[in-house]
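My entries follow in the order in which I made them.

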Amino acid sequence: MQSAHEPAAGFRAAPDLQDALGQWLAWLQHERRVSDRTRDAYARDIGQFLAFLARHQGDLPRLATLATLGRGDFRAWMASRQAEGIEARSLARALSALKNLFRFLAKRGLAANGAIASLRAPKLPRAVPKPLTVGEAMDVVDEVASLQDEDWIGKRDAAILMLLYGAGLRIGEAVSLNRRDLPEKGEARTLTVTGKGRKTRVVPLLPEIVAAVRAYLAACPWGGTGSDPLFMGAKGGRLSPRLVQKAMQTLRLALGLPETATPHALRHSFATHLLGAGGDLRAIQELLGHSSLSTTQRYTDVDAQHLLQVYQAAHPRARR
């Protein structure tokens with residue numbers, strides 16, 4: 001684990017830059033609280049950038065080097081990554097990591113460079129999981145329990161898939177829940193969820209979802225306190241997202257569903273089916289935890305006809 005003053009090993013950089021990188025990685029982990037996966041991906045992206053600089057300039061980069069880089073240097077790095085066959089989405093993430101690092105260095109007075117701010121990320125292909133039909137989604141929730149030999153595991157899988165489809169949770173959000181997060185009897189049936197960027201949102205729970213989770217807990221052989229995981233694995237630890245994905249793979253074969261029928265597709269189906277039934281776009285934005293309405297529009301694949309109906313119903317000019 002990096003401390004605030006531990007140099008970052010493994011980077012092709014001068015000691016002063018390695019020390020700054022150690023501070024940045026520690027800040028990402030302890031203050032920004034990004035996941036280990038994101039932190040490691042950012043570290044790899046920066047490592048590739050520094051390796052490029054070492055080749056590009058013929059010397060190990062140092063803090064002073066970063067301050068003198070021009071727009072052409074950054075564009076040369078992006079061109080080299082594209083020549084290596086990197087996908088647009090991965091290049092966009094690498095650029096995001098680089099901008100994050102430069103903002104960190106500037107705020108701490110270590111190195112300032114205004115050229116990177118003008119760089120634009122490559123246009124990303126629009127790729128969202130296809131929703132299941134209402135019938136397919138209901139079949140997934142109804143049939144998953146029957147695929148397990150142990151009754152409590154079947155109840156667990158049914159409960160977690162109901163949360164994905166019935167409340168729009170991400171798989172990571174669902175498996176991160178603790179027992180105290182489930183509302184007590186008599187309380188409002190809502191759930192406080194911690195999503196991306198550690199942002200919290202409150203989602204309503206249908207009575208069927210609460211009943212399914214309580215049925216799973218009643219059958220679960222593992223006890224626990226409020227701070228213990230809500231969803232447990234067979235050995236008593238926190239349930240791995242991979243096991244939920246594996247359950248969906250089994251369901252795809254059993255029900256003849258396409259490969260796009262993933263746990264995340266259930267969240268997508270939640271939003272799409274609400275929209276199809278006349279749900280308010282901004283309310284769905286809140287339920288999904290999106291920071292902007294445009295993200296919700298892309299994610300739920302709102303068609304032009306629906307947007308036209310929203311416009312005609314809401315815009316003052318359209319009502320005249």
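**Terms first.** I call a residue buried under 20% relative accessible area, exposed over 50% and partly exposed in between, with a 1.4 Å probe and protein chains only. This is a predicted model, so I note that local features need pLDDT of at least 70, that side-chain atom pairs count only at pLDDT 80 or more, and that totals for chains, interfaces and linings use all residues. Residues are numbered from 1 along each chain as its sequence is written, and side-chain values use heavy atoms, with hydrogens and water left out.

**Overview.** I looked up the secondary structure and found 15 helices and two strands in the chain. Helices (H or I, at least four residues) and strands (E, at least two) are DSSP runs, numbered from the N terminus. Of the 320 residues in the chain, 42% are buried. I then looked at contacts, meaning heavy atoms within 4.5 Å. Among contacts in the chain with a separation of 6 or more, 61% come from residues 24 or more positions apart.

**Helix H1.** H1 covers residues 15-30. I checked its length against the expected span, which is 1.5 Å times one less than the number of residues. The 16 residues of H1 should span 22 Å, and the end C-alpha atoms are 22 Å apart, which agrees. The buried residues of H1 include Leu17, Leu21, Trp24, Trp27 and Leu28. Gln18 and Gln29 are also on the buried list for H1. The buried residues of H1 pack against H2, H3 and H5.

**Helix H5.** H5 runs over residues 88-107, and its 20 residues should span 28 Å. Its end C-alpha atoms are 29 Å apart, which agrees. I listed the buried residues of H5, among them Leu91, Leu95, Leu98, Phe102 and Phe104. Lys99 and Asn100 of H5 are buried as well. What covers the buried residues of H5? The cover includes helices H1, H2, H3 and H4. After H5 comes glycine 109, whose phi is positive, near 70°.

**Glutamine 48.** Glutamine 48 lies in helix H2. Its relative accessible area is 33%, so I put glutamine 48 down as partly exposed. Glutamine 48 and arginine 81 are 33 residues apart in sequence, and their C-alpha atoms are 9.0 Å apart in space.

**H6 against H7.** I fitted axes next: they are lines through C-alpha atoms, for helices over the stretch in contact, with angles from 0 to 180 degrees between N-to-C directions. The axes of H6 (residues 134-143) and H7 come within 9 Å and cross at roughly 155°. H6 and H7 are therefore roughly antiparallel to each other; angles over 145 degrees count as such, under 35 as roughly parallel, 65 to 115 as roughly perpendicular and the rest as oblique. On the H6 side I noted Val134, Ala137, Met138, Val140 and Val141, which meet Ala158, Leu161, Met162 and Tyr165 in H7. The residues of this contact divide into nine nonpolar, no polar and no charged. Here Ala, Val, Leu, Ile, Met, Phe, Trp, Tyr, Cys and Pro count as nonpolar, Asp, Glu, Lys and Arg as charged, and the others, Gly among them, as polar.

**Leucine 147.** Leucine 147 sits in the loop between H6 and H7. It is partly exposed, at 35% relative accessibility. Not counting residues up to four places away in sequence, leucine 147 touches Thr250, Leu251 and Ala254. Leucine 147 and alanine 247 are 100 residues apart in sequence and 8.3 Å apart in space, C-alpha to C-alpha.

**Salt bridges.** How many salt bridges does the structure hold? I found seven, each a side-chain nitrogen of Lys or Arg within 4 Å of a carboxyl oxygen of Asp or Glu.

- Aspartate 40 pairs with arginine 39, with 3.8 Å between the closest N and O atoms. Aspartate 40 is partly exposed at 36% relative accessibility, whereas arginine 39 is buried at 13%.
- Aspartate 151 pairs with lysine 155 at 2.8 Å, N to O. They are four residues apart in helix H7 (residues 151-167), so about one helical turn separates them. Lysine 155 is partly exposed, at 28% relative accessibility.
- Arginine 201 pairs with glutamate 173, the closest N and O atoms being 2.9 Å apart. Arginine 201 is in strand S2 (residues 200-204) and glutamate 173 in helix H8 (residues 171-175), so the pair ties together parts 28 residues apart in sequence. Both residues, arginine 201 and glutamate 173, are buried. Salt bridges with shared partners join Arg170, Glu173 and Arg201 into one network.
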